[in-house]
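Open the structure in your viewer and keep the sequence beside it. The stops below can be selected in order.

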Amino acid sequence: MASVAAAEGAAAALRSVLSRAQQAAARAGRAPGSVRVVAVSKTKPVPVIRGVYDAGHRCFGENYVQELIDKAPQVGLDWPPPLGRSRVMTTENLPLLPEDIEWHFIGNLQSNKAKALLAGVPNLDMVESVDDEKIANRLDRLVADLGRKPLKVLVQVNTSGEESKFGVDPSGCVELAKHVKLNCPNLVFSGLMTIGMLDYSSTPENFKTLSNCRKEVCKELSIPEEQCELSMGMSADFEQAIEMGSTNVRVGSTIFGAREYPKKN
C-alpha cells in the first residue's frame with residue numbers, strides 16, 4: 001500500500017510542477033505548451049512511475065542505462081491491480097509501463113553501454129547528453145545497425161566550468177553541434193543541454209551561457225532558434241530556467257521525493 005500512496009503523492013506533485021511551469025512560461029510571455037517537463041524517475045520503483053503516468057504524463061527521464069533498461073520493458077499486469085487481487089509485488093505480478101512513454105536518457109553515456117541502451121529501450125525518445133564526437137558517432141552507427149528511426153539528441157554543454165561535470169566546453173559546442181547535424185544522418189540534432197552547479201542549482205550565468213551557445217549554433221547552422229531546444233533547469237530552479245528560455249526542464253525530487261539509494265552494508 002505504501003507504493004500506492006507514493007504514486008498518488010507523486011501524481012499530485014506532478015500537477016503542481018506542471019502548473020508552476022505554465023505560470024513561469026506565462027511570466028516570460030511564452031505559450032503554456034512551450035515547455036516540456038521531464039519527470040526524472042531515478043531510483044524510483046515502477047508503481048510510483050505508473051502513478052505519474054496515470055495522471056496523464058508521458059515524458060520520463062533516467063540517468064543510468066541499466067536502470068532504464070530494467071524499467072522500460074512492457075511486461076506484466078496493469079498496476080494497481082483490481083480490488084480483490086494481490087497488490088504484493090512478485091515476478092509474476094510486475095507493473096506495466098506502457099509503450100507510449102517517451103524516455104529521455106539524461107546521464108553520462110559511455111560508448112560501451114550505448115548499444116544496450118538503444119537495443120533495450122525501444123521507446124527511447126531522446127539522449128540529452130551527447131558531449132563529444134565519439135559518442136555521437138557511436139549512436140549514429142547503432143541507430144542504423146538496429147534499424148531504429150533517427151534518434152533525437154541534445155549536445156551537453158559544461159556551462160559551469162566544473163571538472164566534475166560532463167559536457168563540451170562552450171567554445172566547442174558549435175563544432176560538436178555541427179558534427180551531429182552534418183555528419184550523423186541517423187541523429188536529429190535537437191538542441192543543447194546543461195547541468196547546474198555542484199549543488200544542482202544553476203545560476204543565471206549558466207543559463208545565459210547556454211542561451212548564448214544556442215545563438216551561435218543557430219547562426220552557424222542557419223536554423224531558427226525556436227528549432228533548437230534548451231534543456232536547463234531542475235527541481236531547485238526550473239521556474240527561473242523557464243523564464244530565461246528553457247524549453248525542457250528535468251524535475252525529479254520535487255515530483256518523486258528524495259532519491260532512494262540502496263543502503264550499504
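The tour goes from one annotated lysine to a helix and then to its neighbour.

This is a predicted model, in which local features need pLDDT of at least 70 and side-chain atom pairs count only at pLDDT 80 or more, while totals for chains, interfaces and linings use all residues. Residues are numbered from 1 along each chain as its sequence is written, and side-chain values use heavy atoms, without hydrogens and water.

Select K42. An unreviewed UniProt entry annotates K42 as "modified residue: N6-(pyridoxal phosphate)lysine"; such annotations may be inferred rather than shown by experiment. K42 sits in the loop between β1 (36–40) and α2 (46–54). Helices (H or I, at least four residues) and strands (E, at least two) are DSSP runs, numbered from the N terminus. K42 counts as buried because its relative accessibility is 11%. Buried means under 20% relative accessible area, exposed over 50%, and partly exposed in between (1.4 Å probe, protein chains only).

Next, select α4 (residues 111–120). Which residues of α4 are buried? They are S111, A114, L117 and L118. Seen down the axis of α4, these buried residues fall within an arc of 90°, so they line one face of the helix. The arc is that of the directions from the helix axis to the C-beta atoms. On the other side of α4, N112 and A119 are exposed.

Contact here means heavy atoms within 4.5 Å.

Finish with α5 (residues 133–146). S111, A114, K115, L118 and A119 in α4 meet K134, I135, R138, L139, L142, V143 and L146 in α5.

Methods
Axes are lines fitted to C-alpha atoms, for helices over the stretch in contact, and angles run from 0 to 180 degrees between N-to-C directions.
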